[in-house]
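Please open the structure in your viewer and keep the sequence panel beside it.

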Amino acid sequence: MTSKSKQYSWEEIAQHNKEGDVWVVIDAKVYDLTKFANMHPGGPNVIYAESVAGKDATQVFFGLHRHEVLLRPQYARLQIGTVQGETERIKAPVPGELSKVPYGEPTWLSQGYYSPYYSENHRKFQTAVREFFDTVVKPESVRCEENGKRISQEVVDKLAETNLIAMRLGPGKHLKGRTLMGGIVKPEEFDYFHEGIIHAELSRVSSRAVVDGLLAGLVIGLPPVLNYGSPELYEKVVNETLSGKKFLALAISEAFAGSDVSGLQTTAVRDGDHWIVTGTKKWITNGTFADYFTTGCKTETGFTVILIERGPGVETKPIKTAYSSVAGTAYVTFDKVRVPISNTLGKVGAGMSVILSNFNHERWMVCGTSIAAQRLVVEESLKWSTQRIVFGKPLTSQPVIRAKLATMISRVEACQNWYETITYQMNQMSYSQQSDKLAGPIGLLKQFISRAGRETAEDATQVFGGRALTVTGMGKFIENYHRTSGFDAILAGAEDVLGDLGVRQALKKMPRDARL
């Protein structure tokens, strides 16, 4: 019999209740804290003052710590056995499993509920993707969030092997001939709901910075190459990037022009068979480690998009932001860079249509990751408010807390349902139809979701109190989300600009004879 399998009666446990001899019970498991007491971060008096020595400390423990603390090797080895006749109730998470917390999952994944959008194939796909992200990406996410280093090549290679990098670009010709997630879904059957699952599962295990660091630059920067690049450029760049061998970033925004794409000042002057590109780009996601830059330039005939390879004249510098440097946010300088004319994406002077059509997918992706993050915040708040005891009762006994939970739940469900409606429309439309009909609705959707996210972040900080201000411990997810939720309101188009875009598109389609 191993030490952890040994069973003790409550009478035996109660005898170890003094300084120099301390046992406690947490969720039916017996821990010997005798040697650990003096090493406790809060000092030994925390254990003695709470009068938990020789008693059940489950409620006290979960009022201070997350369950994951018990799973860490240095604490797990303190367990010496279990309580006779009792079994643990709080299990270690199983990779791929669904949350049982109400509203912890979207309706289509909740037992006993139905959806007109998702099939059994979507459910099988979701299970496989979640297990992959739980086992492969989550540990990497934690490390990279802390050390600020870019995602390891090992994880990138695993993403490439399953073709998750390719699938994040949505359905299309780039999936032809590929084996998707071990063959669960065929390339011709892959749709935007499948892609949305990937973005949601990525966001569920990653901080906002890691979501961007996990090749978001490629997701938003490669579509112009897919849709407008020459066959030669497509063959070279798409294969290099989807295999994880090279990285790519979208280089549009500048210090002189944020949401005003038409005001860009980076220039491209023709010189024989080359462009000479000069200018700067700012806030470029993945720019610090990108090998290619899908770049917006001013030419004699108007705005043009050009793919620039890192080389002589290209320099990148990291930009410090409110989130981790794992995102690789960069300031990019192009100093008389020679670029082959064949690297032009689309027609010269027609770059605006190239970029605007690309923005739809980028904004929709941000919506998907934001909703998943908000849902995790709701789940964390429900867990905490039911286990936190105040005035002798759970935090949920306070009407003001229940009111905050109600609004948080309402917001995330509203976001989810509108998002799924838009996604369904994307599945039914061609790329050009999406550009014509969905630019406005997606803009309004992103504005709604990003505002909902910041409101939910504020509510969650009130639910967690002081714990929402610390980067570790019980409220670490809330602190991180509260600090970074504003990114969704800025990246891929500022929310006020997008709201105005939605209304202007609607006004263009107002019938001339419409009267009250």
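In which strand does K336 lie? Select residues 330–340 and you have strand β12, which holds K336; strands here are DSSP runs of E with at least two residues, helices are runs of H or I with at least four, and both are numbered from the N terminus. Before going further, note that this is a predicted model, in which local features need pLDDT of at least 70 and side-chain atom pairs count only at pLDDT 80 or more, while totals for chains, interfaces and linings use all residues. Residues are numbered from 1 along each chain as its sequence is written, and side-chain values use heavy atoms, with hydrogens and water left out.

Stay on K336, whose phi is near 50°, a positive value in a residue other than glycine. With 62% relative accessibility, K336 counts as exposed, a word used for over 50% relative accessible area, whereas buried means under 20% and partly exposed lies in between, with a 1.4 Å probe and protein chains only.

Next, select M181, which is found in the loop between α8 (164–167) and α9 (192–205). M181 is not a glycine either, yet it has a positive phi of about 50°. Is M181 buried or exposed? Its relative accessible area is 10%, and M181 is buried.

Now colour helix α17 (residues 439–464) and helix α20 (residues 495–508), which pack at an angle of about 145° with their axes 7 Å apart; the axes are lines fitted to C-alpha atoms over the stretch in contact, and angles run from 0 to 180 degrees between N-to-C directions. To see where they touch, show the side chains of the contact residues, including L444 and R451 of α17 and L498 and Q505 of α20, where contact means heavy atoms within 4.5 Å.

Finally, zoom out to the whole chain, whose secondary structure comes to 20 helices and 15 strands. Its radius of gyration, taken over C-alpha atoms, is 26 Å, close to the 24 Å that the globule rule gives for 516 residues, so the chain is as compact as a globular protein of that length; the rule is 2.2 Å times the number of residues to the power 0.38. Turn the view along the principal axes, and the C-alpha atoms fill a box of roughly 90 × 60 × 45 Å. Of the 516 residues, 52% count as buried.
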